[in-house]
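Colleague: I'd like to learn how to read helix packing and backbone angles. Could you walk me through it?

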Protein chains: 2
Amino acid sequence: MEYLKEYLINEGIHPSYQRLRIFEYLDRGEFHPTVDMIYNELAKEIPTLSKTTIYNTLNLFKKNGIVTRLTIEANEVRYDTNMQLHAHFKCDDCGMVYDIQVEIPYLTSLTVDGHRICERHLYLKGTCKNCLKETR
Amino acid sequence: MEYLKEYLINEGIHPSYQRLRIFEYLDRGEFHPTVDMIYNELAKEIPTLSKTTIYNTLNLFKKNGIVTRLTIEANEVRYDTNMQLHAHFKCDDCGMVYDIQVEIPYLTSLTVDGHRICERHLYLKGTCKNCLKETR
DNA sequence: ATCATTGCAAACACTTTGCATACGC
DNA sequence: GCGTATGCAAAGTGTTTGCAATGAT
């Protein structure tokens, strides 16, 4: 946990207990949780935790560029600590969101049609391989 | 307007006056309006129009596959009648959303990592060419 | 002692639901 | 006349804001 603390400090974020726990939770692999997921999970161990703090914290993380907001779905925002360029696949059946490694030179382009690009999101939707198995 | 009527009927949608007007408004080029934009514009000419009707109508259009929901931004849903595969660029300065014609073979692939893809969205963000001009 | 963070409660914004009215065939 | 579409009001959701209490140095 010590290295996470240093990471936050490096990014200009005072590493309070709540912030550390929220970042640690986000940073556990390909997870992309929603605010509710974070709250429900962490509130078990931090009973005083409030959703306001989670919103504050995620907005701070976003502002400082250490998380990305995923808007695959109109009604659910997910958060990702993996800042490298990659795509996301969401399964319409089970709701799982997968990281997809893409190799699209085009995506890394700095401009398109004269517009300057500074953020890219490739979202795919369908049925994931696990759900495909079950319906087979 | 007659051909729009026939189009809706073909897609299994009863072409009421409100539905026609909403679809016609959506279908005016690269526009991608939000519910509010549709409402504000059409309410001028259809004073009794309610937002509920717009929500009902857009959900119906979505269900019948004649519009796509764009979720470039967490807090704003936009609607698009262009069902062909293309990307969207949103300008952080002026808020304008542009259609981008892309040629990425990968994007048309039917599967990735064993998952079956049935919907694709490529969202780009940055500063559009018009806003770049002004700050120059 | 001071300044920043937390978290409650209230406010806000967006979308859906329930239902009575109005419309079109 | 009947079945559907409309639109008001209310409910439901997700997020932000105001502010007092708390915590860290």
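This is a predicted model: local features need pLDDT of at least 70, side-chain atom pairs count only at pLDDT 80 or more; totals for chains, interfaces and linings use all residues.

Colleague: Okay, how do I describe two packed helices?

Modeller: In general, you give the angle between their axes and the distance between the axes. Take helix 1 (residues 2–10) and helix 2 (residues 17–26) of chain B: their axes come within 10 Å and cross at roughly 105°. Angles of 65 to 115 degrees count as roughly perpendicular, so helix 1 of chain B and helix 2 of chain B are roughly perpendicular to each other.

Colleague: Which residues make the contact between helix 1 of chain B and helix 2 of chain B?

Modeller: Helix 1 of chain B brings B:L4, B:K5, B:Y7 and B:L8, while helix 2 of chain B brings B:R19, B:L20, B:F23 and B:E24. Sorted by class, that contact has five nonpolar, three charged and no polar residues.

Colleague: Now the backbone. What should I look for in phi?

Modeller: Most residues other than glycine have a negative phi. B:H32 isn't a glycine, yet its phi is positive, about 50°.

Colleague: Where does B:H32 lie?

Modeller: You'll find B:H32 in the loop between helix 2 and helix 3 (35–45) of chain B.

Colleague: Is B:H32 buried or exposed?

Modeller: Buried means under 20% relative accessible area, and B:H32 is at 0%, so B:H32 counts as buried.

Colleague: And what is phi for A:H32?

Modeller: Near 50°, again a positive value in a residue other than glycine. A:H32 sits in the loop between helix 2 (17–26) and helix 3 (35–45) of chain A, and A:H32 is buried, with a relative accessible area of 1%.

Key
Residues are numbered from 1 along each chain as its sequence is written. Chains are lettered from A and ligands numbered from 1 in the order in which they are written. Side-chain values use heavy atoms; hydrogens and water are left out. Axes are lines fitted to C-alpha atoms, for helices over the stretch in contact, and angles run from 0 to 180 degrees between N-to-C directions. Helices (H or I, at least four residues) and strands (E, at least two) are DSSP runs, numbered from the N terminus. Angles under 35 degrees count as roughly parallel, over 145 as roughly antiparallel, 65 to 115 as roughly perpendicular and the rest as oblique. Contact means heavy atoms within 4.5 Å. Ala, Val, Leu, Ile, Met, Phe, Trp, Tyr, Cys and Pro count as nonpolar, Asp, Glu, Lys and Arg as charged, and the others, Gly among them, as polar. Buried means under 20% relative accessible area, exposed over 50%, partly exposed in between (1.4 Å probe, protein chains only).
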